[in-house]
Amino acid sequence: MNLQDLIINDKEVVDLEDVLLSRGNKQRVLQLIKEHKYVEELHKYGLTVNNKILLHGNSGCGKTITAKAIANALKKNLITLNLSNVVSARIGETSQNIRMVFEKAGKEKAILFLDEFDQIGKARGNDEKDVGEMRRLVNSIIQLIDYYPKNALLISATNHVEVIDTALLRRFQLKMDFEMPSGDTLDKYYDKILSAFPNHLQSITRRYDVSFAEAKDYAHTVVKSMLIEELEKQEIVP
């Protein structure tokens, strides 16, 4: 398979200031960025930087956008694994596909982003055939992670950390939990996304107890409905 088919072409640029993180996660991300900024100085003292990061938690709560923001802050290329193409019916082919992407990221000193990591790092099941296949795949990924260059960065994300093989989990030096946003955090997010529209379109009934992604979809749907209603009224005016 062509290497480019294994990578998602997403060039979205995200500023770290635009990502709403919990206080703890913001501190962890800032520390990570500073470590990689001063990597050479830290190496002089025998200190290694964290370069294997696991983002886990609820869907739509900022894991992917955080990976993009880290890449932008470090001025590094973000290489996102295309799971829909990388997974083959044959475990050997899947391992080879993943290896190709790992090697590309390592050579370019890029950031490799493995979204939906549980799909390729799932713990071995009870089925005897499945156990053998998953063991080979997990062992292959463990080797790739263990030998991943220290001057590159690996970020994995999952909504289901509980199903990932424990041997893989131990490889990640830094783990960040992404919880559902609080009401205050959602208000800040609504203020941000609604600020792009005229004032009279910003006064919508806000929905809470939802993820960032759900809040954005909801707000945009309401604004579109209001805008279309205005446009239809303009059409019928004689």
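Start at the largest pocket, whose volume is about 670 Å³. This is a predicted model, where local features need pLDDT of at least 70 and side-chain atom pairs count only at pLDDT 80 or more, while totals for chains, interfaces and linings use all residues. Residues are numbered from 1 along each chain as its sequence is written, and side-chain values use heavy atoms, with hydrogens and water left out.

**Stop 1: the largest pocket**

Select Gly-62, Ile-65, Tyr-189, Phe-212 and Lys-216: of the 31 lining residues, these are the closest to the centre of the largest pocket. A pocket here is an open set of points on a 1 Å grid over the protein atoms alone, where a 1.4 Å probe fits, with protein on both sides within 12 Å along at least five of seven lines; lining residues have an atom within 4 Å of a point. Its volume is the space filled by probe spheres set on the points, with grid points joined across faces, edges and corners.

Now colour by element (DSSP runs numbered from the N terminus: helices are H or I with at least four residues, strands E with at least two). H3, strand E5 (153-158), helix H9 (183-194) and helix H10 (212-236) each give at least two residues to this lining. H3 has the largest share, with five residues. By class, the lining has 14 nonpolar, seven polar and 10 charged residues (nonpolar is Ala, Val, Leu, Ile, Met, Phe, Trp, Tyr, Cys and Pro; charged is Asp, Glu, Lys and Arg; polar is the others, Gly among them).

**Stop 2: the second largest pocket**

Next comes a pocket of about 450 Å³. Pick Leu-20, Leu-21, Ser-22, Thr-185 and Phe-212, the closest to its centre of 19 lining residues. H1, strand E6 (174-178) and H9 each supply two or more residues of this lining, with the largest share, three residues, from H9.

**Stop 3: the sheet**

Switch to cartoon and follow the open sheet of six strands, in the order E1-E3-E4-E5-E2-E6 with mixed pairing. Strands pair if DSSP finds at least two bridges between them. E1 (7-8) and E6 are the edge strands, each pairing on one side only. Strand E2 (residues 52-57) runs parallel to E6, joined by five bridges; find Leu-54, which stands opposite Lys-175 in E6.

**Stop 4: helices on the sheet**

Show H1, which lies across E2, E5 and E6 at about 145 degrees to E6. H3 packs on the sheet too, touching E2, strand E3 (78-81), strand E4 (111-114), E5 and E6, and its direction makes about 165 degrees with that of E5. Angles run from 0 to 180 degrees between N-to-C directions, and axes are lines fitted to C-alpha atoms, for helices over the stretch in contact.

**Stop 5: H1 against H3**

The axes of helix H1 (residues 23-37) and helix H3 (residues 63-74) come within 10 Å and cross at roughly 30 degrees. Select Val-29, Leu-32, Ile-33 and His-36 of H1 with Thr-66, Ile-70, Ala-73 and Leu-74 of H3 to see the contact (heavy atoms within 4.5 Å). Its residues divide into six nonpolar, two polar and no charged.
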